[in-house]
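Open the model in your viewer and keep the selection tool at hand.

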Amino acid sequence: MKRLVAFAPVVAFVLLLAGFAVGLGRDPSLLPSMMIGKPVPTFDLPAVRAGDAGLKSAQLSGEPMLLNAFASWCVACEVEHPMLMRLKAEGVPIQGLDWKDEAADGAQWLLENGDPYQKAGNDVTGRAGIDLGVSAVPETFVTDRRGNIRYRHVGAITPEVWSKTLGPLMARLKAES
């Protein structure tokens, strides 16, 4: 019995090392979403830009598109923004969710930096983002023509992310349409 007690710390240490080794082998940018395969949660957000109609969850169907959560206070959103502008120029449909931000601040940010969004809704309370599972901005969801979430990307969309992951997925979803 004393032998077992003497080896317990060694066994615990080996198990701890094994756990760390498994964790190091995983991609930390991959955050699973419970929303994959499910319809976009219902929301009806006021407009970010004055004079616009805002954004409703029902508008996220009909064709594959991106729903991009952003904010005027988000530094990583500034890094991502040129890529979103490029995607808009290429004809990729993008809707915006201004998360935990004042509409006037979001509108000013879009005015100064360019507006890649067909529609942009203001989620000042963060409720729509919570229902989607947004953990931080920027975060982008790919929806199919039926309005189901097919993929969630956490972080800025870079040319590499677009060419290796999001672009091929959008092409597949368009082919399904």
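**Stop 1: the core**

Select Leu-66, Ile-157 and Trp-162: among the 40 residues of the largest nonpolar core, these touch the most other members. A nonpolar core here is a set of buried Ala, Val, Leu, Ile, Met, Phe, Trp, Tyr and Cys residues joined through side-chain atoms within 4.5 Å. Buried means under 20% relative accessible area, exposed means over 50%, and partly exposed lies in between (1.4 Å probe, protein chains only).

Now colour the elements that give two or more residues to this core: strand 3 (65–70), helix 2 (75–89), strand 4 (94–99), helix 3 (103–113), helix 4 (127–132), strand 6 (139–143) and helix 5 (159–176). Helix 5 gives the most, with 6 residues. Helices (H or I, at least four residues) and strands (E, at least two) are DSSP runs, numbered from the N terminus. In soluble globular proteins, nonpolar side chains tend to be buried together.

This is a predicted model: local features need pLDDT of at least 70, side-chain atom pairs count only at pLDDT 80 or more, and totals for chains, interfaces and linings use all residues. Residues are numbered from 1 along each chain as its sequence is written, and side-chain values use heavy atoms, with hydrogens and water left out.

Stay on Ile-157 and show its contacts (heavy atoms within 4.5 Å). Leaving aside neighbours within four places in sequence, Ile-157 meets Leu-66, Glu-80, Met-83, Leu-84, Thr-140, Trp-162 and Leu-166.

**Stop 2**

Go to Asp-123, in strand 5 (residues 120–123).

Show what surrounds Asp-123. Not counting residues up to four places away in sequence, Asp-123 touches Leu-45, Leu-97, Asp-98, Trp-99, Lys-100, Asp-101, Ala-128 and Gly-129.

**Stop 2: charged pairs**

The structure holds 9 salt bridges. Side chains of opposite charge can pair when their charged atoms come close.

- Arg-152 and Glu-139: the closest N and O atoms are 2.7 Å apart. Arg-152 lies in strand 7 (residues 149–154) and Glu-139 in strand 6, so the pair ties together parts 13 residues apart in sequence. Arg-152 counts as buried at 11% relative accessibility, and Glu-139 is buried at 0%.
- Glu-176 and Arg-150: the closest N and O atoms of this salt bridge are 3.4 Å apart. Glu-176 is in helix 5 and Arg-150 in strand 7, so the pair ties together parts 26 residues apart in sequence. Glu-176 is partly exposed at 42%; Arg-150 is partly exposed at 27%.
- Glu-90 and Arg-86: the closest N and O atoms of this salt bridge are 2.9 Å apart. Glu-90 is partly exposed at 47%, and Arg-86 is partly exposed at 35%.

**Stop 3: the whole chain**

Zoom out. The protein has 5 helices and 7 strands, in the order α-β-β-β-α-β-α-β-α-β-β-α along the sequence. Of its 177 residues, 43% count as buried.

Notes
A salt bridge is a side-chain nitrogen of Lys or Arg within 4 Å of a carboxyl oxygen of Asp or Glu.
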